[in-house]
Amino acid sequence: MTAIYQAVYRRASSLFSRLHSTYVRKMRYLNELKEDDGFCRQAQTSGTFYLFHNLSPFLQKVGNKYLVPQLSAAEMKRILEKFKETEQWIEKSVLIGCSDEHVPRFALDLGALEKSVIESELKGSFTDLRKALFVVDVKDSPLLASAQALLQWHDSHQYCSKTGQPTQKNVAGSKRVCQASGITYYPQMSPVVITLVSDGSRCLLARQPSFPPGMYTALSGFCDVGETVEETVRREVAEEVGLEVESFRYSASQHWPFPSSCLMIACHALVGGQQTEISMSSLELEEARWFGLEEIIEGLKRKPKSSKQDNGSFLPWFPPKQAIAHQLISEWVKQQTS
């Protein structure tokens, strides 16, 4: 009966593909991979694989560029056989997407194998994700972040929180199930609001002690349980710099894998011109101050390495283009200059 159902489903999918857009077909294909273990297992034999080692992605440097290689299933089999590993390693991979041509993409962590041997074999290196996100092509950054977040989630959710029994992942890695309790666990993201505060002619940026020297960015904080985005914006700005938000507007969102899988919700906030004196909380921040338009424009041009002055101090510089904080700051500049 199952075989008949799957055959009917495939024919229906074929008709659907002729009638709908590339994007819709792609999303339906990915959903089928997540829901059908047999179909996903078959896709592993024709898919491509991104490699990680203890959550650090594998990169290859070609000239001045860092590339994210995609290994075929045949290449994966060759490598695993060289390490005398079975193809059961492929079962540990997680689905992270597919191309427009429906070539599935998987991520696989080889942390139990010798890192230096893999790097020598593939002529590349496993790189810390924080560095990798800012040296690879912009189109590759979201994929690496999503892959690492999913691999990390599986690593930290191997046991049921109710029974303590091991959980089992499905082939795609889109969920884990506790057979003892019947509970299904799905990967989750924590919502974080990142807010660029302005008084109309200046914007407020801050830094934490853990930041690289000279780097300033927008205020951010996790949403508390039961809070709306609006309430989080008002609370975080009040807590961190002692200002009251009069109005705010949503800008965009971005997945961010640090400290764990987060959904960054980017907003612009306006405070009243009569109430702009900063009262900084030293619990989280090292410094917070207002920046004028010219200083922001210069800071956007400045690179981290060029920010150090002869006297040992650092000129302000801001997060790179891959970070949503950069987008907020650039939007503010455009608004001021329009």
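1. The UniProt annotation "domain: Nudix hydrolase", taken from an unreviewed entry, covers residues 187-314. The structure discussed here is a predicted model.

2. The chain as a whole. The protein chain has 338 residues, of which 44% count as buried. Its secondary structure comes to 10 helices and 16 strands. Taken along the principal axes, the box filled by the C-alpha atoms is roughly 70 × 45 × 45 Å. Among contacts with a separation of 6 or more, 62% are between residues 24 or more positions apart.

3. Helices H2 and H3. Helix H2 is formed by residues 22-35, and helix H3 by residues 37-44. The two pack with their axes 5 Å apart, at an angle of about 110°. An angle from 65 to 115 degrees counts as roughly perpendicular, so H2 and H3 are described as roughly perpendicular to each other. On the H2 side the contact is made by Tyr29, Glu32, Leu33 and Glu35, and on the H3 side by Asp37, Phe39, Cys40 and Ala43. These residues divide into five nonpolar and three charged, with no polar ones.

4. Gln44. This residue also belongs to helix H3. Is Gln44 buried or exposed? Its relative accessible area is 5%, and under 20% counts as buried, so Gln44 is buried. Setting aside residues up to four places away in sequence, Gln44 touches Phe49, Ala73, Ile90, Ser93, Phe106 and Val171.

5. Helices H9 and H10. Helix H9 spans residues 293-301 and helix H10 spans residues 324-337. Their axes come within 11 Å and cross at roughly 135°. That angle makes H9 and H10 oblique to each other, and the crossing in which H9 passes H10 is left-handed. From H9, the contact involves Leu293, Ile296, Ile297 and Leu300; from H10, it involves His326, Ile329, Ser330, Trp332, Val333, Gln336 and Thr337. Seven of the residues in this contact are nonpolar, four are polar and none is charged.

6. Leu328. Helix H10 also contains Leu328. With a relative accessibility of 0%, Leu328 counts as buried. Neighbours within four places in sequence aside, Leu328 is in contact with Ile194, Leu196, Ala218, Ser251, Ala266, Cys267 and His268. Ser261 is 67 residues away from Leu328 along the chain, and the C-alpha atoms of the two are separated by 21 Å.

7. A cis peptide bond. Most peptide bonds are trans. Which residues does a cis peptide bond join here? The bond is between Phe258 and Pro259, with omega at about -5°. Pro259 sits in the loop that runs between strand E14 (245-256) and strand E15 (262-271).

8. Positive phi angles. Most residues other than glycine have a negative phi. Leu55 has a positive phi, near 75°, and is not a glycine. Leu55 is placed in the loop between strand E1 (48-53) and strand E2 (56-62). Lys123, again not a glycine, has a positive phi of about 55°. The loop that holds Lys123 lies between helix H5 (115-122) and strand E7 (125-126). Exposed means over 50% relative accessible area, so Lys123, at 69%, counts as exposed.

9. Thr127. The position of Thr127 is in the loop between E7 and helix H6 (129-135). Its relative accessible area is 10%, so Thr127 is buried. What does Thr127 contact, leaving aside its neighbours within four places in sequence? The contacts are Ser56, Pro57, Leu59 and Ala132. Strand E2, which covers 56-62, includes Ser56, Pro57 and Leu59.

Definitions and conventions
Residues are numbered from 1 along each chain as its sequence is written. This is a predicted model: local features need pLDDT of at least 70, side-chain atom pairs count only at pLDDT 80 or more; totals for chains, interfaces and linings use all residues. Side-chain values use heavy atoms; hydrogens and water are left out. Helices (H or I, at least four residues) and strands (E, at least two) are DSSP runs, numbered from the N terminus. Buried means under 20% relative accessible area, exposed over 50%, partly exposed in between (1.4 Å probe, protein chains only). Contact means heavy atoms within 4.5 Å. UniProt positions are given in the numbering used here, feature names are shortened, and annotations may be inferred rather than shown by experiment. Axes are lines fitted to C-alpha atoms, for helices over the stretch in contact, and angles run from 0 to 180 degrees between N-to-C directions. Angles under 35 degrees count as roughly parallel, over 145 as roughly antiparallel, 65 to 115 as roughly perpendicular and the rest as oblique. A crossing is left-handed if the near helix is turned anticlockwise from the far one by less than a right angle, and right-handed if clockwise. Ala, Val, Leu, Ile, Met, Phe, Trp, Tyr, Cys and Pro count as nonpolar, Asp, Glu, Lys and Arg as charged, and the others, Gly among them, as polar.
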